[in-house]
Amino acid sequence: MLYLTSDDFPVYTSSHPPVFISDRFYRYLWYLIRIAASFTYRPIPLPENPTYIASEDVTIIVPTIDAGEEFKEAANSWLVGNPKEILIITEEKMKGPLQELANQVDPDRIRVLTVPFANKRLQMAHGIRNTITDIIVFADDDAIWPPTMLPYILACFEDQKVGGVGTSQRVQPVGKKMTVWEVLAAFRLTIRNIEIASSTHIDGGIPCLSGRTAAYRTIILKDPEFLYGFTHDYWLGKYQLNSGDDKFLTRWMVSHGWSTYVQCCKEAELLSTMKPNWRFLKQVLRWTRNTWRSDLRSLFMERHIWTSHPYVAYTMVDKLFNPLTLLVGPTLVSYLIYKSTIPLDQGGYHLPWWNIVASYMVWLLATRTAKLLPHLWHQPEHIIYVPAFIIFGYYFAIMKIYALFTLHETAWGTRAGIGDPTAATAAAAETGKDPVSSSEKGEYMGTSVISPQPHTPRTYYTPAVEMQTGFAPQAAYGGQTAYIR
């Protein structure tokens, strides 16, 4: 037992056995390593003579069904970067309201397209097929960008091996002041920014290029094999997935030999709203299920992550066991409290229950505050929410276990109007808006290979539109250039 004071008031750092103490030491050691790596990380600077120019090479695709006034603020921030075009993809019944919003912002550069029913992946695929630029940027309808966002994203594509680019994020409050739910989201985003900066610096990988804003080479996404897999993605072969699109895209980059990069800097840091009420928990549940499905696939089914990005693979494995190790603490404390009620001569514990509880609270407050210091440095007023973060941490651990046993639940959870993805896919096919044409499906289901695996010399599918610039990575296409400037 390690004491902080005299025996008159023996507040100790942990009431746990050596195994648990070792686990805590291990976790905070790795946290310090992540902090050090994030400080060492550097974003890619702007090139003097850029290959890609937003006004010629960028299309922004925004899948949405219920955009409101916040869309106008977001759209105006995107237009500052001067993209060639913005495609709003929605369901047919929402075209009128969204067209009106688009007309209020910029009717010349914003087009509104539709699919029969709300389905994010089908909407994204429909946008891909209507893109004629080299770079696609997916954005949420409430993502607010700094003026320098597009130049800093495009800077990463100067490396012709880079296929996808992500950004750092912060929370934009819905009202004048953040609610406790928004502060919890802000805490999570700060930790995530550290994690993605550190993993990018350590081995160039990232668990997920967040769908709030992420950019990809169009030639990758126009591949019929990608479009078919993206819109016909099933968990265990029978539960069709609608959410988790960003996880699918990230795994596709890894499995097909493309590098990724994340620009973690103020010049490429977006603002995004979160649910300002208890519905935030439903968002987290959906994200957690998506993470379970994707990480299990990456680690045990596809397995490319082990050789491409071993550090990211380690973090995925660590997160598999994290809920169990987190719940060990309160379990052992509860046991010690019980033992403290038994007399010493009968095998009881020598400290009173109140001392155990007080010590554990001091430990939790100290360690969690230390973990949140990168956030509290900029917003010290949020220190009053550290107890809420501690409670949420234990709730999240239980939620992760619940999510693991309910991976068959694929409903969106926080947006009305998003129905059965299977029905939406069938309806798209009937109306001629299936993202993959019948001839392309034949190629995909046949023997000709469209999207080759790394280091395999194969023939690449030629997209319907001619790309302007860029080169496919040698690793992805067996040393063959897919298209030439």
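User: Which residues of β4 point one way, and which point the other way?

Analyst: In this predicted model, I135, V137 and A139 point one way from β4, whereas I136 and F138 point the other way, and all of them are buried. In a regular strand, side chains alternate between the two faces of the sheet.

User: Why is strand β4 described as largely enclosed by the rest of the structure?

Analyst: A residue is called buried when its relative accessible area is under 20%. Five of the five residues of β4, which covers residues 135–139, are buried, so the strand is largely enclosed by the rest of the structure.

User: What makes β4 and β6 a pair of strands?

Analyst: Pairing requires at least two bridges between two strands, and β4 and β6 (residues 213–217) have five bridges in the antiparallel sense, so they count as paired. One example is I136, whose bridge partner in β6 is Y216. Strand β1 (residues 58–63) is joined to β4 by four bridges, and these two strands run parallel; here I60 stands opposite V137 in β4.

User: How do you know that the side chains of R111 and E85 meet in a salt bridge?

Analyst: The side chains of R111 and E85 come to 2.4 Å, N to O, and the cut-off is within 4 Å, so the pair qualifies as a salt bridge. The pair links distant parts of the chain, with R111 in strand β3 (residues 110–115) and E85 in strand β2 (residues 85–91), 26 residues apart.

User: Are R111 and E85 buried or partly exposed?

Analyst: R111 has a relative accessible area of 33%, which falls between the limits of 20% and 50%, so R111 is partly exposed. E85, with a relative accessible area of 17%, is under the 20% limit and is therefore buried.

User: What makes the contact of K319 with E195 a salt bridge?

Analyst: The closest N and O atoms of K319 and E195 are 3.6 Å apart, and this is within the 4 Å cut-off, so the pair is counted as a salt bridge. K319 lies in helix α13 and E195 in helix α7 (residues 180–203), so the pair ties together parts that are 124 residues apart in sequence.

User: How do you know that E302 forms a salt bridge with R251?

Analyst: In this pair the closest N and O atoms are 3.2 Å apart, which is within 4 Å, so E302 and R251 meet the definition. Because E302 lies in helix α11 (residues 279–302) and R251 in helix α10 (residues 245–255), the pair ties together parts that are 51 residues apart in sequence. At 8% relative accessibility, R251 is under 20% and so counts as buried, while E302, at 32%, falls between 20% and 50% and so is partly exposed.

User: How many salt bridges does the structure hold, and which residues are linked in a network of them?

Analyst: The structure holds 11 salt bridges, and R121, D233 and R297 are linked in a network of salt bridges.

User: Why does the span of helix α13 agree with its number of residues?

Analyst: Helix α13 has 31 residues (residues 310–340), and at 1.5 Å a residue it should span 45 Å; its end C-alpha atoms are 45 Å apart, so the two values agree. The helix also bends by about 45 degrees at F321, and a proline, P323, follows within four residues.

Key. Residues are numbered from 1 along each chain as its sequence is written. This is a predicted model: local features need pLDDT of at least 70, side-chain atom pairs count only at pLDDT 80 or more; totals for chains, interfaces and linings use all residues. Side-chain values use heavy atoms; hydrogens and water are left out. The expected span of a helix is 1.5 Å times one less than its number of residues. The bend at a residue is the angle between axes fitted to the seven residues ending there and the seven starting there. Buried means under 20% relative accessible area, exposed over 50%, partly exposed in between (1.4 Å probe, protein chains only).
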